[in-house]
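I opened this model to look up a sheet, a helix pair and the chain contact. My entries follow in the order in which I made them.

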Amino acid sequence: MKAKYMVLVFCSLLLGGCWDRTEINDLAIVTAAAIDNEEEQKIRLSIQVFIPRELTSGQGGTGNGGGELTTVYSGTGLNISDAMSKVQAKLSRKIFWGHCKVYLFGEEAAKQGMAEHIDFLVRHPGPRNRAYLYVTRGKAKEGLAIKTVLERSTAEALREFASLHIGMAVTLIDYRNMLKSESEAVAVPMIENGSKLQTPAQIQTKSILIGTAVFKKDKMIGHISPKVTRGLMWLRNEVTEAAITIQPPHVKGIVSVMPSRSRVTLDPVIKNGKWSLLVKVDTEGDVVENGTLLNLMNPDLLSIVQKAVRDDIQARITYSLGTLQKGLKVDVANFAGAFHRKYPKEWEQNKDQWEKIYPEVDVRSQINVKIRRPGLISAPAGVPQEDVIKE
Amino acid sequence: MNRNARKWWRMNKQKLQQQQQMPESSTQIAKELAANEAVLRELYTNCTDVVYRSFLIGGSTKALVIYIDGLSNTEELDRSVLSSLMNGKISKETHARKLVEKTISVSKWREITTLEECIESISNGCPVLLIDQQEAALSFGLEKWEKRAIEEPVAEGVVRGPREGFTESLNVNTSLLRRLIKSPALKMELMQIGGYTKTKVILAYIDGIVDPTLVTELKARLNRIDIDGVLESGYIEELIEDHPSSPFPQILSTERPDVACGNLLEGRVVILVDGTPFILIAPTTLIALLQSSEDYYQRSFASTAIRLLRYVFTVMSFLLPSLYVALITFHHEMVPTSLLISMASSREAVPFPALVEALIMEITFEALREAGVRLPKQVGAAVSIVGALVIGQAAVQAGLVSAPMVIVVAITGIASFMIPHYIAGIAIRLLRFPMMFLAGTLGLLGIMLGIIATVVHLCTIRSVGVPYLTPFAPMKGKELKDALVRAPWWMLNTRPRLTGESNMYRQAQGLKPDPSKGGDTS
């Protein structure tokens, strides 16, 4: 009797069959998606799809050098899902969002508001929350056509850029968190118009990242340069390896310092109704290039360099605050959050006036720079020993 | 179904017993030699290998020696029995016992009184001496037949450890055990199983360590067996195990005397069967099936590392193909992008669904493995070449299967060979197929269901009363020292509780070597 039931159970298992299975060969693997605004309230969705046939396996593993590994399909619709169904009609395989690592938004789409698009990306079970967002100058669709020399696709190149942390790296989930924060301001990295990055010469000379797009609520309100972005990254405690090059005062030559460990804290103060904020920066670094004659093994000489680095960081912060606080009046460094955490009551009373308070917040900085290591050598290497300033 | 079998058994029982032509066990040896000879000749009709040698003891009393050609040491029989008895100088003494005391110089002998014992002796290779006017016969322990030499076990190789393996002859096997455990506490109880084969079965255990109820239980189970023949210990294993419907072996079999002795010392019972080098060890646990004797001979660090590796690969041999099928059929988003892209490109030309592809490859692999075992050694190389070409390159190039699938099957194959006990490997290899079906129909959910069902099953079964997953379920923290890891010998103070409880400590405490403990010559 037991055996009979077992057979029944087994058969019923097979009855289910594999009806909902999807073989890899039935999928169009989307590697990147671009969203643009079109006329008549329509949007254009462009997806970069991987072509498995082009990647011949067995012969060295990589492509056969012939065709492109990816291709772009696009379609227009009232919203993303509508556009997606139009794209699907052009594709013989089912669109598969699970490996889409990059979303590009055209400048125009970003300016008119991304709320609807973000809702699709978050609500639909396919797209991933960990995918990176970019705003492109001009049409996002052209961004998908950026030629890459090293990577297999634009998507992979942009993903690698994000993990290098040269500019900001914002994922879908970061975007939502920033939008939900007290300041309701969002920063998304911005890339160059794809049509300007087509020939190898253009790719080799131009940088893809051209700063950061700044959003208030869900609408893009401005664009900040890479230099302002660096200052913003200091304020947001996102600085990673990138050399700081300074000219120490009263000394000939320049020195480059690579910060190895940095910590930035925002310390808000409300005193007599006056809102102020202290940016505390603790950073350590190594000397990577020394074009001066100073022997940095001498603590006195080293302190000259440290002071110069401190001034430089201060200048960067002040410079970008000038743009963000006074110019665009957008709180992407989330000062609001810092005030909320420290002064919850005052915040509750004043949060409606934050837009007025923010430009008036007095920001001071307290920067502590320690250069720990002079690099592999102590005295400047390229000059005779007698020329080195030791004292 | 069972009812019919029982009915058939009842109807045929008498017939079967008649076929065996056995005299009643109470048939005494008759006084008349001629009568006895007639009975025996009747029983051994058409048995040309039985030798009857009649002679006169001291020139007067009629006597008869019966033995089977090729099973007895005839030289010794001629010299010690026949020549000394036929020598005229001997007195008229014909009483069996006195003869042995005075004239027959054979060390191993036995007095028998029934014809049944007589036949048993003869078929075991012990020549039987029947004397006229005597109701007792003599059986001499002069068995001698061709034996295979002691060789290195083929199925259980080790790098470090004894190279002796059991052989087909029971007395060699018992001697191998006795040579390792010299204490008289090592008991060996003889039984006979098999209507025709009359196979000798020995139940060995160490008195004082073993749980007496375990011995009683196993004896009862062995006595229950009523079968015409036992040609290998596998017969007995299947007839005494706890859960016949489970794919997992519940009795460990080995051909290594050191494994047998290690288990005896942990309070388990060893069953030796005549005619096979594979002995049985009961009770056993899943973890014991995943351990090799070498684990105890290597240093504990090496053993622990190898054990962990083995557990990982055991799980892999169970799950890898099904995981691959599930990921590639249902859960594409769980594969890293570049890997998925590579897999997609290699699967582009494959016409089958992943499940079918996996089944083709796994079944082909199993077939190749079986063919490799069964074939003569000279052809084996050809099989491996064909296998490597068919499974490896040609199948991929022909577009039948994808390259990642070949890798998965290859790793699974290697993983299944990492399991030291072949029978356990088979169980896991078999379960892989239902798991693949589950993965192909329900994806990771199906795999989880399969794992749950397997674990529940493993928790349910017992081996002669000992839970199969000991020491994990029931959890015995102290015994994990010899399960997940292999602690150094100076930490393995206690025997496994469920089998060695009556004699818990196997060594003195504090054996950890240390300079302060002295021992140096100064």
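Axes are lines fitted to C-alpha atoms, for helices over the stretch in contact, and angles run from 0 to 180 degrees between N-to-C directions. Helices (H or I, at least four residues) and strands (E, at least two) are DSSP runs, numbered from the N terminus.

I noted that this is a predicted model, where local features need pLDDT of at least 70 and side-chain atom pairs count only at pLDDT 80 or more, while totals for chains, interfaces and linings use all residues. Residues are numbered from 1 along each chain as its sequence is written, with chains lettered from A and ligands numbered from 1 in the order in which they are written.

Entry: sheet of chain A. I looked up helix 11 (residues 335–342) of chain A, which lies across strand 11 and strand 12 of chain A and runs at about 50 degrees to strand 11. I then traced the open sheet of chain A, four strands in the order 10-11-12-13 with mixed pairing (two strands pair if DSSP finds at least two bridges between them). Strand 10 (244–246) and strand 13 (362–373) of chain A are at the edges with a single partner strand each, so one side of each has no neighbour in the sheet. On average, neighbouring strands of this sheet are turned by 40 degrees against each other, direction ignored. Strand 11 (residues 255–271) and strand 12 (residues 274–290) of chain A run antiparallel and are joined by 16 bridges. I checked A:Thr265 and found its bridge partner in strand 12 of chain A to be A:Lys280.

Entry: helix pair of chain B. I found that the axes of helix 11 (residues 300–329) and helix 13 (residues 354–374) of chain B come within 9 Å and cross at roughly 160 degrees. That makes the two helices of chain B roughly antiparallel (under 35 degrees counts as roughly parallel, over 145 as roughly antiparallel, 65 to 115 as roughly perpendicular and the rest as oblique). Helix 11 of chain B contributes B:Pro321, B:Tyr324, B:Val325, B:Ile328 and B:Thr329 to the contact, and helix 13 of chain B contributes B:Ala354, B:Leu355, B:Ala358 and B:Glu362.

Entry: chain contact. I looked up the contact, which takes 20 residues from chain A and 22 residues from chain B. Helix 1 (2–16) and strand 1 (27–37) of chain A each supply at least two residues of the side of chain A that touches chain B.

Entry: chain B overall. I recorded 17 helices and 12 strands in chain B.

Note on methods:
Two residues are in contact if their C-beta atoms, placed from the backbone, lie within 7 Å.
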